[in-house]
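Here is a short report on the model below. Keep the structure open while you read.

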Amino acid sequence: MALLEVHDLVKHFPVRGGLLNRVVGRVHAVNGVSFSVERGDILGIVGESGCGKSTLGKCVIRLIEPTGGSLTYDGEELFDLRHDELMPFRRKMQIIFQDPYSSLNPRLTVKALLKEVLAFHRIVPREDLDARIMELIAQVGLRPEAADKFPHEFSGGQRQRIGIARALALEPEFIIADEPVSALDVSIQAQVLNLMMDLKRDLGLTLLFISHDLKVIEHFCDCVVVMYLGFIVEELSCDELHERALHPYTKALLGANPVNDPDDARDLTVLQGDVPSPYDLPKGCPFASRCPVVEDRCREEMPPLEEKKDGQRVACFVVE
Amino acid sequence: MMRRFFRSRGVRKLVRDRLAMVALGVISIYLALFFMMWCGFLVEKEETFERVGANTEVGFFEEPTIEQRLLYLEFYLDNLYSAADSRTPEASLAAIDLYGRLPTLTDPDAVIERIDPLWEVYDELVELYEDDAFSDDPESLPRLEELEAEAATLYTEPEGLMGRLALALGTDRQGRSIFLRALYSIKIAVQIGLVCALISVAIGTILGGAAAFFGGVVDHVIVWLYSTFSAIPYIVLLMVLAAMFLGSAFEGTLVPVYTAFCMTFWIAPCRVIRGEVMKLRELEYVQAATAVGFGRGRILLKHIIPNTTHLMFINFSLLFIGAIKAEVILSFLNLGVKNEPSWGVMIKQATQEVISGFFWQIGAATVFMFVLVLAFNVLSDALQDAFDPKHV
Ligand SMILES: Nc1ncnc2c1ncn2[C@@H]1O[C@H](COP(=O)(O)OP(=O)(O)OP(=O)(O)O)[C@@H](O)[C@H]1O
Ligand SMILES: [Mg+2]
C-alpha cells in the first residue's frame with residue numbers, strides 16, 4: 001500500500017466582495033487531484049506558476065483546509081481529523097517552503113528556532129538538546145557559528161538550509177519540498193538539491209518534490225505529476241521522460257527547457273494563447289486555449305485522466 | 001538578547017540621528033524629574049498649594065512696575081507685622097508658609113518698633129503714587145528701594161534650592177509658586193502619559209492581534225467595537241466618563257482620567273497591529289510553526305506579536321503625547337485633574353490672569369509642556385525611520 005494516497009483533492013478559495021462581504025466567486029486552485037506516493041519514492045509535481053502546486057502541497061499537511069477529497073497517510077484518513085488529532089502526523093510529515101525569506105521568523109536565532117521545535121515534541125532529552133542542534137546544523141552543511149545568528153545574517157541558500165534543518169528536526173519520514181530552490185541563484189540551486197538528495201538517501205525519506213522546472217524533476221524524481229490550472233494532465237515515470245511524454249502540455253514543458261545538445265532535433269514548441277483564469281474555469285480541457293493539437297471536442301468536453309501502459313495516466317482526447 | 005538589541009541596525013540608525021539624541025536627552029531629564037518627584041524628592045504635592053509670596057508676583061526675568069512693587073511691599077510688611085504681633089511666626093504663618101522665608105523674630109517688640117517707621121514711609125510712597133507724582137520726585141525711587149532692602153532684612157533667607165527657585169517664575173493669583181506647580185505637573189503629565197500609553201498599547205495589541213489572527217467572529221466583534229468607539233466624538237466620551245465617576249470613590253483621583261483615555265486610545269494601536277498581524281500570519285514562517293504543531297496561542301504570542309514591537313514603540317510614543325495634550329483639554333473643561341496642579345489646571349487658571357496682562361502662569365505651563373511634546377514628536381519620527389522594516 002502506498003504511504004500517501006490523495007483522492008479527488010479539491011481546494012477553492014472563496015473570493016469575497018461587495019458591500020456585505022459576501023462570497024462572490026471562487027478561485028479554483030486545485031480541482032480534483034488524485035495521486036499516490038510509495039514509501040521511499042520521490043514524486044515530482046510540475047506546472048507553471050499559479051497552477052496550484054503550493055496549494056496542493058499545503059493541503060496535504062492541512063496548512064490550508066481542503067475544500068473536498070480525501071487523503072490517507074499510512075492507511076489513516078487525515079482530512080477527517082481535528083487539528084489536535086493531527087499532532088502525531090505533524091512529526092511524520094514536514095514541509096520546506098518556497099521562499100527562504102518569509103519562511104524564517106526574523107526574531108529567532110537558528111538555535112532558538114531548532115530548540116523550540118525539539119523541545120516542543122520532546123525529540124531528545126533536555127540535556128542532549130544542544131548536541132542535537134549542532135548535529136542538525138552540521139547535517140545541513142552550515143558552520144557551527146551559525147547557531148547564534150539571526151536569519152537576516154544569512155544568504156538565501158543558507159536560509160533554505162535552515163528551513164531544511166527545521167523540517168529534519170522532527171525526524172519526519174515524509175517531506176514536502178515546495179520549490180525549495182526556485183528562489184535561489186542557479187549556482188546555489190545545485191548545492192541545495194544535492195544536499196536534499198543526500199539527506200533523502202541517508203534518512204530514507206519519502207519526498208513530494210514540487211517544482212516548475214521539469215529538468216530538475218526529471219533528474220531527481222521517480223515519478224512526475226504534471227499539473228495545469230489545478231488539474232492533473234499527465235502522470236508518468238521519470239525514466240525516459242522524453243520518449244514517453246504524451247500530453248501536449250508535458251511536451252511543451254520538455255521543449256521549454258534549455259537543451260544541452262544543440263543537435264537535438266526536438267520540436268521546441270512555444271505555447272501561444274492565454275492561460276484561463278482559475279476564477280472562471282473553461283468548460284472543456286483546461287489546456288485547450290493553448291494546445292497546438294486542439295480539436296473541437298476539446299473545447300466542449302473535459303478529457304478524463306485515463307490510465308495507459310505502465311501506470312502512465314493522460315488526460316487528452318487527441319493523443320494515443 | 002539585550003546586547004543584540006543595542007547592536008541592531010535600528011538602534012544604530014537612531015543613535016546617528018543627532019536631533020533624536022537631543023530629544024532623547026530632554027525626555028530623559030523629564031523622566032529623571034518624574035522619578036525624583038515620584039519618590040518624594042524636589043516638590044511634594046502640599047508645597048504646590050503653599051503661599052510663597054505676594055499675589056501674581058512676576059518672575060525673576062521681568063522688572064515689576066512701581067504699583068506691583070508697592071503691592072508686594074504691603075504684603076510682606078503686613079505679614080511681618082502680624083507675625084510679630086502674635087509673637088510666634090510659626091503659628092501666624094501656618095496658613096502662609098513663605099517657603100521657609102520666616103520673619104526674623106529674635107525680639108518681637110524690637111521688630112514692631114522697626115516696622116512702624118517703615119509703614120510711614122510706605123504710606124507716603126503710596127500717596128505719591130496715587131497722586132501720579134511718583135516719577136516727579138527724584139527722591140521717591142531710592143526711598144522705595146531702601147524700603148524694600150529694609151523689609152528684606154527682616155526675613156530669613158529661603159531654604160534650599162527649591163526655596164530660591166520658588167519665585168523664579170513668579171506666583172499665581174493665590175501667591176503659589178508657578179515654578180513649583182509647573183515642575184510638579186511633570187509628575188502628573190508623565191504619570192498620565194505612561195499609564196495611558198502602556199495600557200492602551202497593551203489592549204490595542206492584544207485585541208488587534210487576536211482580531212487579525214483568529215478572524216471570524218472575534219474579528220467582527222473587535223472591529224465593531226472600535227468602529228463604534230471611534231464614531232463617538234472623543235471629547236464627548238471623555239466628558240460622559242468623567243461625569244460617571246462623579247460621586248464615586250475615585251472622584252478627585254486620576255482614575256477617571258486614566259479610564260477615559262484608555263477607552264479611546266486603544267483604537268489607534270489596535271488598528272495598526274491588526275493590519276500588521278494580518279500580513280504576518282500569512283507568512284510562511286507562521287505556516288511552518290503550524291506544521292510543527294504549535295498551538296495557535298503560542299504562535300500568536302511567540303511568533304507574531306514579537307514582530308510588531310516597532311509598531312508598539314511608535315504607538316506608545318504617539319499616545320504618550322496624545323494623553324498629555326488631552327489632559328490639558330480635559331482639565332480645561334474641569335473634568336480632568338482635581339486637587340493637584342497640572343499643566344491643564346494651570347492653563348485654565350491662567351485665563352483670568354491673562355486678561356489682566358499677567359502671562360507667567362500660562363507661559364510656564366505651555367513651555368514645560370511644549371518642550372516635552374516636541375521632544376516626543378521628534379523621537380517618534382526618528383523611531384519610525386529607524387525601526388520601520390521598510391526603511392532599513
Ligand atoms: N489564500 C488564497 N486566497 C485566494 N487565492 C489563492 C490563495 N492562495 C493561492 N491562491 C490562488 O490559487 C492559485 C494557485 O496558487 P499556488 O500558490 O498554489 O500556485 P503555485 O503553483 O504554487 O505557483 P508558484 O509557482 O508561483 O508558487 C493561484 O491562482 C492563486 O492566486
Ligand atoms: Mg508555490
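## A hairpin in chain A

β9(A) and β10(A) form a hairpin, with 2 residues between them. In the turn, A:L229 has a positive phi of about 55°. Strands here are DSSP runs of E, at least two residues long, and helices are runs of H or I, at least four long; both are numbered from the N terminus. The two strands run antiparallel and are joined by 6 bridges. β10 covers residues 231–237 of chain A. One bridge pairs A:M227 with A:I232 in β10(A). Strands count as paired if DSSP finds at least two bridges between them.

This is a predicted model: local features need pLDDT of at least 70, side-chain atom pairs need pLDDT 80 or more, and totals for chains, interfaces and linings use all residues. Residues are numbered from 1 along each chain as its sequence is written, chains are lettered from A and ligands numbered from 1 in the order written, and side-chain values use heavy atoms, without hydrogens or water.

## The other side of β9

β9(A) also pairs with strand β3 (residues 42–46) of chain A. These two run parallel, with 4 bridges. A:I45 stands opposite A:V225 in β9(A).

Of the 6 residues of β9 (residues 223–228), 5 are buried, so the strand is largely enclosed by the rest of the structure. Buried means under 20% relative accessible area, exposed means over 50%, and partly exposed lies in between (1.4 Å probe, protein chains only).

## An open sheet

Chain A also has an open sheet of 4 strands, in the order β2-β1-β4-β5. The pairing is antiparallel. At the edges are β2 (22–37) and β5 (76–77), each pairing on one side only. β1 (residues 4–17) and β2(A) share 12 bridges. In this pair, A:R16 stands opposite A:V23.

Strands of a sheet pair through backbone hydrogen bonds.

## Chain B

Chain B has 18 helices and 0 strands. Its radius of gyration is 28 Å, well over the 21 Å that the globule rule gives for 392 residues, so chain B is more spread out than a compact globule. That radius is taken over C-alpha atoms, and the rule is 2.2 Å times the number of residues to the power 0.38. The C-alpha trace spans about 95 × 50 × 40 Å along its principal axes.

Of the 392 residues of chain B, 48% are buried. Among its contacts with a separation of 6 or more, 74% join residues 24 or more positions apart. A contact means heavy atoms within 4.5 Å.
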